[in-house]
Amino acid sequence: MQMTSLNEHQLEAVNIIDGAVAVIAGAGSGKTRTLTYRIANMIEHHVDPRSILAVTFTNKAAKEMKERVVDLVGPQGLAPVISTFHSFCARFLRDEIDYLGEPYTRHYLIMDEDDAKQVIRDTVKDLNLDPNRYSSNRLKDYFSKVKNGQYDQLDFEDETVFVKYNEYLKQNNAVDFDDLLIFTLQLLNNNEALLNYYQEQYKYILID
Ligand SMILES: Nc1ncnc2c1ncn2[C@@H]1O[C@H](COP(=O)(O)OP(=O)(O)O)[C@@H](O)[C@H]1O
Ligand SMILES: [Mg+2]
């Protein structure tokens, strides 16, 4: 593999195949490149490409990493799972959401931000609340923070909308972007067999 395009510190991280590595450096300093080459290097050292999982925050980074790994190692580079956190979780839930119980099924819908805000607007209307005070923008943002554990106390009306919003999603076999992450975490936390299965599958996990 062509390693001349890495500096000394990047090479040091890339050359570690097993074990935990943390790369801490500023924006634009070459962290994503390091991680990409580390994947390629693992494959060159006969790590099973299917046992590699790399997750990123953006679609752009995931796409670039995928393309780059293929450039570096050829078609074997197609085998690792390289995706955003959200798309990894969406894929995980396609296979595993049944474990959440009824009514969720693998045909679940993903509500994007606009869909979710529409459900909030409808809920606010059903509850005869003032749509200005209970705006879908404010509530969506707030619900997202609550789901991610940044708030635990909602005021009474907000809480009512929150509960109804989640009920609507559940009844419709639908999840929002936050649920993708949270449900995945819940399933892995609460189901040891499932956790073991994924730990067995993905021996090499890289986070961009
Ligand atoms: N050793 C290097 N030599 C030349 N260009 C590099 C090197 N490392 C990274 N780059 C380039 O610098 C830019 C930023 O790198 P990137 O890995 O995206 O940084 P980060 O993820 O830390 O923000 C990219 O265009 C990348 O190809
Ligand atoms: Mg980066």
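In this predicted model, a backbone N or O atom of Arg33 lies 2.8 Å from an oxygen atom of ligand 1. On the nitrogen side, a polar backbone atom of Ser5 is found 3.0 Å from a nitrogen atom of ligand 1. Taken alone, ligand 1 exposes 560 Å², and the protein buries 56% of that area.

Ser5, Leu6, Asn7 and Gln10 are among the residues around the ligand. The list also includes Gly26, Ala27, Gly28, Ser29, Gly30 and Lys31, together with the Thr32 and Arg33 already named.

From the ligand, the description passes to the division of the chain. Domain 1 comprises residues 8-93 and 201-207, whereas domain 2 covers 100-186. The C-alpha centres of domain 1 and domain 2 are 33 Å apart.

How many residues of each domain are in contact with the other? Six residues of domain 1 meet eight residues of domain 2. The area buried between domain 1 and domain 2 amounts to about 670 Å², with carbon and sulfur atoms giving 78% of it. Within domain 1, the residues that lose the most area to domain 2 are His86, Cys89 and Leu93, which together account for 73% of what that side buries.

The polar side of this interface may be considered next. Between domain 1 and domain 2 the count of salt bridges is zero, and one residue pair is in polar contact across the interface, with both residues at pLDDT 80 or more. On the side of domain 1 that touches domain 2, five residues are nonpolar, one is polar and none is charged.

Methods: Residues are numbered from 1 along each chain as its sequence is written. Chains are lettered from A and ligands numbered from 1 in the order in which they are written. This is a predicted model: local features need pLDDT of at least 70, side-chain atom pairs count only at pLDDT 80 or more; totals for chains, interfaces and linings use all residues. Side-chain values use heavy atoms; hydrogens and water are left out. Domain bounds come from an automatic or database domain assignment. Contact means heavy atoms within 4.5 Å. Buried area is the accessible area (1.4 Å probe) that two parts lose on being put together, summed over both. A salt bridge is a side-chain nitrogen of Lys or Arg within 4 Å of a carboxyl oxygen of Asp or Glu. A polar contact is a pair of N or O atoms within 3.5 Å; within protein, one must be able to donate a hydrogen and the other to accept it, and residues adjacent in sequence count only if both atoms are side-chain atoms. Ala, Val, Leu, Ile, Met, Phe, Trp, Tyr, Cys and Pro count as nonpolar, Asp, Glu, Lys and Arg as charged, and the others, Gly among them, as polar. A residue is near a molecule or strand if one of its heavy atoms lies within 4 Å of it. Accessible areas come from the Shrake-Rupley method with a 1.4 Å probe; for residues, only the protein chains shown count as cover.
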